Amino acid sequence: MVKTNDDNLSLVIHKKGDLRLEQTPIPTNLGPNDVLCKTHSCGICGTDIHYWVHGFMSSFVVKEPLILGHEVSALVDQVGSNVTHLKPGDRVAIEPALPCRMCHHCKEGMYNHCPVSNTQVKGSPQFDGMLTRYFEHPADFCFKLPDNVSWEEGAMVEPLAVAVHAVRRVNLTLGQTVLVCGAGTMGMMCLAAAKAHGASRVVMTDINEFRLKVAKELGADQTIHIDLKSFNVETYVAKVKEALGGQGANVTFECTGNEGSTKVAIYATNNGGKVALVGLGPLEVSAPLVNASLREVDIIGVCRFRNCYPMAIYLLEKGLVNLKPLVTHKYPLERSLDAFNKMLEPNNNAIKVLIQCNKDFN
Ligand SMILES: [Zn+2]
Ligand SMILES: [Zn+2]
C-alpha cells in the first residue's frame, strides 16, 4: 500500500516560533475502517497561529514535533476493507477530533466531551494534523461533499460546524435578534449560521473595518466599528442597543474571548437572552455575572461540535450560507510559511487563508 510517489511534504511545528516544511511518511497499513486521503485545501485557524507564536493554546502545549492543520477538504485515495460509504475519488470534509466511542460521553452522543477526543484533535498536541499531502482518517469522520460545494467551502465546513453547534446550543429561533462580537472567521460563521437559522437582525462588532465590510456582504444588517483607543463598555452597549431599535439582542455570540468584548456581550443581551462563548481568550476573564444573573441572561459554553457536519454541509449545498467572500488568500503548501506570516501582518485584510496541499488537482 505504499504510494509510488512518496512525496509527503508536511508543515511541522517543532516548538514555539519554529515551523518547518519537511517530509513525513505516507501512512501505510490502512485499518479496515480507515481511508487514506489526499489533502486538497486546509484553512489556517487562530489556534494554528497560537501554537506557532506561543507554543500552546489553553491547556494544549506543543512538546514534540507536530503536523498542523485541522480545517480540511480532501480526496479519498484508498479505503479500508470495511468501508462501504466512500470510494476512491470521493471528495470529503474531515471532522478532526476523534473520540474513543466507549466512554459515557460518547455513548450519550456528546462525543465532543470525550476525554480521548481532547487528545486526538488532528493538528493539536500531540496528534498529527493534515497540512500534508496524505493522511489517514476514520471513514465515519469523513463527510462526502456534494458536487456543488467547492474544495474551498469544504475546508470551511469545520469552522461552520462550530457555528452550527453554537446556534443549536442557544436554540436560536425564527425572528430573534443577534449580536456577534468579533468578525473573524468564527464571527462570520456565526453570522452566516444565525441568518440561515432565521435570525431577523444581526449586528456585528469588530476593530477592523475590512472585516466589517465583508460581514455586510455575508448579510450583517448593521456593523459597529470598535475603536480601541476610546473603548469603553457603556458606549458600545448603547451602540448595539441603538442598532437593535433600543433593545438588547436576544442572542449574542461572543467570538473574541476578549474581556471588554465579553462585558459588552453580556450587557448588550436582552433580559432572558443568551450569550454563547465561542471565542477563546485568557483562561479567566472578569465578567458581570451578577448583572447576568439578575437579568436571567444565560451564559452558554461551546466546545467544538458534535453531529454538526451534515447540517454544515447541507447549508453549503443549498446555498443557505455564502462563505466564498471569506477566502481572502490562497497559498500552495510549499509557501505555507508565507501564509502563516501573512496572518501576522497588521492590517493584512485576511480572513480565511487557505493552503492548497497538492498540485495535481483540478
Ligand atoms: Zn479551527
Ligand atoms: Zn469517549
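Cys45 is buried, with a relative accessible area of 17%. The model discussed here is predicted.

Visitor: Hello! Why does Cys45 count as buried?

Guide: Welcome! A residue is called buried when its relative accessible area is under 20%. Cys45 falls below that cut-off, because its relative accessible area is 17%.

Visitor: How many residues apart are Cys45 and Glu71?

Guide: Cys45 sits in the loop between β3 (34-43) and α1, while Glu71 belongs to strand β7 (residues 71-79). The pair thus links distant parts of the chain, and the separation is 26 residues.

Visitor: Is Glu71 buried or exposed?

Guide: The cut-off for buried is under 20% relative accessible area. Glu71 has 2% relative accessibility, so Glu71 counts as buried.

Visitor: How far apart in space are His50 and Gln23?

Guide: Along the sequence, 27 residues separate His50 from Gln23. In space, C-alpha to C-alpha, the distance is 23 Å.

Visitor: I'd like to check the backbone too. Where is there a cis peptide bond?

Guide: Look in the loop between α3 (115-119) and β9 (134-138), where Gln126 lies. The omega angle of the bond is about -10°. The residues joined by this cis bond are Pro125 and Gln126.

Visitor: What is the phi of Arg101?

Guide: Arg101 is found in the loop between β8 (91-94) and α2 (104-107). At 44% relative accessibility, this arginine counts as partly exposed. Although Arg101 is not a glycine, its phi is positive, about 70°.

Visitor: And is Glu296 buried or exposed?

Guide: Glu296 is placed in the loop between α10 (289-294) and β16 (298-301). Its phi is near 55°, a positive value in a residue other than glycine. Exposed means over 50% relative accessible area. Glu296 has 59% relative accessibility, so Glu296 counts as exposed.

Visitor: Stepping back to the whole chain, what is its radius of gyration?

Guide: The protein chain has 12 helices and 18 strands, and its C-alpha atoms fill a box of roughly 65 × 40 × 35 Å along the principal axes. For 362 residues, a compact globule would have a radius of gyration near 21 Å. The chain agrees with that, because its own value is 20 Å.

Visitor: What share of the residues in the protein chain is buried?

Guide: The chain exposes about 15600 Å², with carbon and sulfur atoms supplying 51% of that area. Among contacts between residues at least 6 apart in sequence, 70% join residues at least 24 apart. Of the 362 residues, the buried share is 55%.

Visitor: One last thing: how far apart are the mean positions of the positive and negative charges?

Guide: The chain carries 35 positive and 36 negative charges. Their mean positions are separated by 3 Å.

Methods: Residues numbered from 1 in each chain as written. Chains lettered and ligands numbered in written order. Predicted model: local features only at pLDDT ≥ 70, side-chain atom pairs only at ≥ 80, totals over all residues. Heavy atoms only, no water. Helix = DSSP H or I, 4+ residues; strand = E, 2+ residues; numbered from the N terminus. Rg over C-alpha atoms; globule rule 2.2 N^0.38 Å. Buried < 20%, exposed > 50% of the residue type's maximum accessible area, 1.4 Å probe, protein only. Contact = heavy atoms within 4.5 Å. Areas by Shrake-Rupley, 256 points an atom, 1.4 Å probe, with all protein chains shown as cover. Lys, Arg positive; Asp, Glu negative; His and termini not counted. Charge placed at Lys NZ, Arg CZ, Asp CG, Glu CD.
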